[in-house]
Amino acid sequence: MLTSEQARKNQEKYGFNELVEGKKKTPVQIFLEQFKDFLVIILIIAAIASGFLGDIESAVVIFIVITINAILGTVQTLKAEQSLNSLKTLSAPTAKVIRDNNMYEIPSREVTIGDRVILEAGDYVPADGTLIECASLKVDESMLTGESLAAEKSLEEAPAGAPLGDQTNKVFSGSFVTYGRAGYEVTGIGMETEVGKIATLIHSAQEKRTPLQVNLDDFGKKLSIVILIFCGILMGVSIYKAGHFDKNVFADAFLFAVALAVAAIPEALSSIVTIVLSFGTQKMAKENAIIRKLQAVEGLGSVSIICSDKTGTLTQNKMTVEDYYVDNQRVTVDKIDIKQPDQKFLLHSSMLCNDSTNVGGKEIGDPTETALINLGSNFGYETLELRQKYKRVYEIPFDSDRKLMSTTHDLKEGYAMLTKGAVDVLINRLTKIKINNEVREITSEDLKKIEEMNREFSEDGLRVLAFGYKELTEKKPISVEDEADLTFLGLIAMMDPPRGESKDAVAECIAAGIKPVMITGDHKITAAAIAKRIGILKDKSEAVEGAVIESMSDEELQEFVPKISVYARVSPEHKIRIVRAWQDRGNIVAMTGDGVNDAPALKQADIGVAMGITGTEVSKDAASMILTDDNFATIIKAVKNGRNIYANIKHSIQFLLSGNFGAILAVLAASLASLPVPFAPVHLLFINLLTDSLPAIALGLEPHSNEVMKEKPRPKGESILTGNFLLSIGLEGFVIGLMTMVAFMIGYKTDGALLAQTMAFGTLCMGRLVHGFNCKANKPVIFTKRFFDNWYLIGAFALGLLLIVAVLVISDLHNMFKVQTLNLSQLGIVFGLALLNLPIIQLLKRLRYGSNN
Ligand code: ATP
């Protein structure tokens with residue numbers, strides 16, 4: 001065992017307990033990657049070519065614009081990476097170590113050589129080491145040995161050179177505890193562990209692309225092909241129209257076609273999704289939901305079923321004992337009399353067959369057990385003293401499949417095994433009963449009374465534990481077979497009140513078209529009573545015990561699940577089947593879990609949700625989201641965030657695509673009408689690479705609204721590009737293109753091509769900036785507070801406006817940007833037409849979606 005000082009020194013000497021990651025990309029590499037896009041390379045070549053042919057200014061401006069755009073891209077990528085990294089730190093694994101004789105929970109990377117580590121079911125083994133204490137420890141070492149059965153450990157030393165799988169008194173980093181408890185001393189960390197030796201450099205895990213990104217990339221590719229063909233045709237047409245063919249004609253046509261392609265192809269879609277998702281996850285982390293997999297954010301938007309644990313998630317997990325049932329009578333907590341031998345024995349048993357501690361007010365352990373020792377201390381019993389007096393010599397730890405826990409104690413005058421657990425399990429193991437300090441055979445009358453009492457407690461929403469014991473003549477290890485032939489001692493009923501916010505969260509969840517389902521290890525009647533109180537269950541018939549689904553086929557289960565809101569006495573296998581049944585019905589399912597056995601169900605669910613406080617490391621590792629407050633209401637908040645983030649991404653995409661479409665329409669119209677091209681290449685690049693990217697990101701960061709919770713969940717697998725969405729893009733793009741062409745025609749009629757291009761450029765650029773406000777919501781927002789609620793958007797608009805006005809007004813820039821000086825009325829027309837996009841598109845929204853109220 002180390003002191004904190006020794007641990008610090010060892011850390012300095014041996015370094016952190018982590019596997020070396022592959023090199024990260026430097027900012028310079030990220031910057032250079034921004035130029036990797038095929039079209040950008042072509043554009044640079046085209047600009048250089050046209051520079052050689054005399055248009056040096058254009059070439060310089062294009063180069064500057066591309067560079068600024070690359071800087072913007074680099075900053076965004078770095079920021080997104082930063083926020084994803086901070087998420088990783090938040091969900092980093094932890095380990096329990098004993099230093100200075102105290103137990104601390106520390107990040108696993110801080111575990112060092114010589115540390116004493118405590119292991120419990122559900123913990124990851126943080127480093128290699130040798131066992132010092134061991135209680136029925138079983139470890140899953142499949143990651144190292146490929147052996148899927150858990151390995152049983154003991155203090156017995158293995159012969160030198162034994163293969164890993166046979167080293168019974170050693171534990172290895174990367175494996176996890178499936179059962180039991182142990183303490184061990186660390187002998188190897190980081191790359192010196194067995195797993196470190198076989199792991200070659202771990203490359204910093206590439207984030208998998210989310211379904212939305214895959215969907216958008218796919219769309220982007222198809223769209224690119226169409227646009228490239230269009231640009232190719234356009235290039236041919238303009239060469240043809242020129243009437244002759246020379247270097248300059250070709251270079252001009254080529255540069256324009258490439259610029260149009262760069263401007264129209266939405267290559268930034270997928271990276272906007274990354275940026276918005278990663279910023280969204282930061283907001284979620286502040287609201288207690290840590291996202292471990294980015295896909296989960298999207299998935300949350302279409303969750304239609306939430307399967308939640310009861311204890312601690314829907315309830316407070318702050319238990320207090322309310323009643324005893326002992327000597328065949330109910331005793332409320334204020335009437336407990338420890339002068340009565342059986343009541344005293346029950347109290348002692350509940351403190352001894354118990355792993356929780358409460359030292360100086362710091363509670364460590366399972367709240368069910370903490371409630372029991374807290375009651376003991378009310379009667380003046382010091383937990384550690386009592387455990388010292390009646391030493392525990394053997395134990396079979398609690399597990400939620402068996403629903404029992406047993407410990408053997410040295411009672412001085414002999415040994416006794418104390419067992420506590422679920423009433424319905426323990427009752428089948430009873431043969432005797434202790435009443436008024438006398439033991440006799442248990443009768444069916446006694447059993448009936450116990451069951452009645454259990455029902456009565458449960459109907460009050462109380463959690464009930466049964467206690468039994470068995471005297472032993474000798475000190476010998478116990479196994480689950482020994483948990484039989486017990487003498488009944490009593491029942492203890494505890495209250496675990498629902499969380500204050502659960503009822504509202506359940507109501508919000510139902511209003512949002514999501515079905516909440518309670519899945520609990522607790523008794524059916526207790527579960528139903530709590531479920532009813534918080535609104536999950538309306539009728540008793542909606543509650544069943546997990547075992548009823550065992551005889552059902554998968555098809556039968558699929559028919560069955562919609563009728564049920566509460567599953568009690570559930571085993572981890574039931575959980576998986578319930579999730580699958582809902583998934584087979586076409587639902588996206590979120591499922592909570594905390595134990596080591598919950599990991600498969602968490603992986604099976606679309607959104608596995610682990611508990612940050614009470615959850616095991618294994619369950620956290622299997623989950624895609626961790627609740628730092630273990631609270632059901634947080635899941636609902638996360639769903640709201642998920643839906644809002646999705647809506648924002650959609651608005652941002654709508655903004656980009658409709659604007660691009662407007663530009664293409666203008667080019668197409670001019671070409672069909674045999675007019676000059678409406679924009680110079682630098683105009684298109686200016687808009688697309690400078691003034692457009694910031695509003696697009698700002699739209700992704702729109703403040704979240706409650707509106708989204710009034711809608712039904714997004715259908716599973718629905719593409720973001722629904723018919724309705726594409727129609728919006730088409731209509732809005734048309735309006736933007738129309739305004740641009742009106743400006744172009746006015747300019748053309750007044751003073752020819754250059755004025756026409758200047759006015760078209762100004763109108764399109766400003767029109768798109770204004771359009772940012774249209775894209776805030778599907779419904780009109782023009783006369784609402786919401787219009788001004790996004791400061792990022794207002795900022796992006798102001799900056800864009802400043803840039804375009806500077807280009808239009810500062811005459812020194814005119815040559816560079818291929819514009820001509822506008823007089824006041826021409827400026828007025830440009831502003832007016834750009835602004836007209838707002839009322840027209842808002843009116844269209846009003847016609848299609850109704851008003852906002
Ligand atoms: P949830 O699944 O909603 O978290 P839960 O905490 O009741 O509910 P489990 O922890 O699997 O689920 O407990 C199942 C049953 O086992 C409980 O209803 C109780 O009767 C019994 N039990 C719980 N904790 C202990 C314990 N520490 N020792 C003995 N029996 C226990």
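1. A polar contact is a pair of N or O atoms within 3.5 Å; within protein, one must be able to donate a hydrogen and the other to accept it, and residues adjacent in sequence count only if both atoms are side-chain atoms. Across the interface of domain 3 and domain 4, seven residue pairs are in polar contact, with both residues at pLDDT 80 or more. Helix H17 (residues 524–534) gives the most to the side of domain 3 that touches domain 4, with five residues.

2. A word on the source: this is a predicted model, where local features need pLDDT of at least 70, side-chain atom pairs count only at pLDDT 80 or more, and totals for chains, interfaces and linings use all residues. Residues are numbered from 1 along each chain as its sequence is written, and side-chain values use heavy atoms, leaving out hydrogens and water.

3. Which residues make up domain 3 and domain 4? An automatic or database domain assignment gives 289–315 + 499–630 for domain 3 and 320–495 for domain 4.

4. Look next for the salt bridges (a side-chain nitrogen of Lys or Arg within 4 Å of a carboxyl oxygen of Asp or Glu). Two of them cross the interface of domain 3 and domain 4. Asp424 forms a salt bridge with Arg569, and their closest N and O atoms are 2.7 Å apart.

5. Four of the five residues of S21 are buried, so the strand is largely enclosed by the rest of the structure; buried means under 20% relative accessible area, with a 1.4 Å probe and protein chains only.

Key:
Buried means under 20% relative accessible area, exposed over 50%, partly exposed in between (1.4 Å probe, protein chains only). Helices (H or I, at least four residues) and strands (E, at least two) are DSSP runs, numbered from the N terminus.
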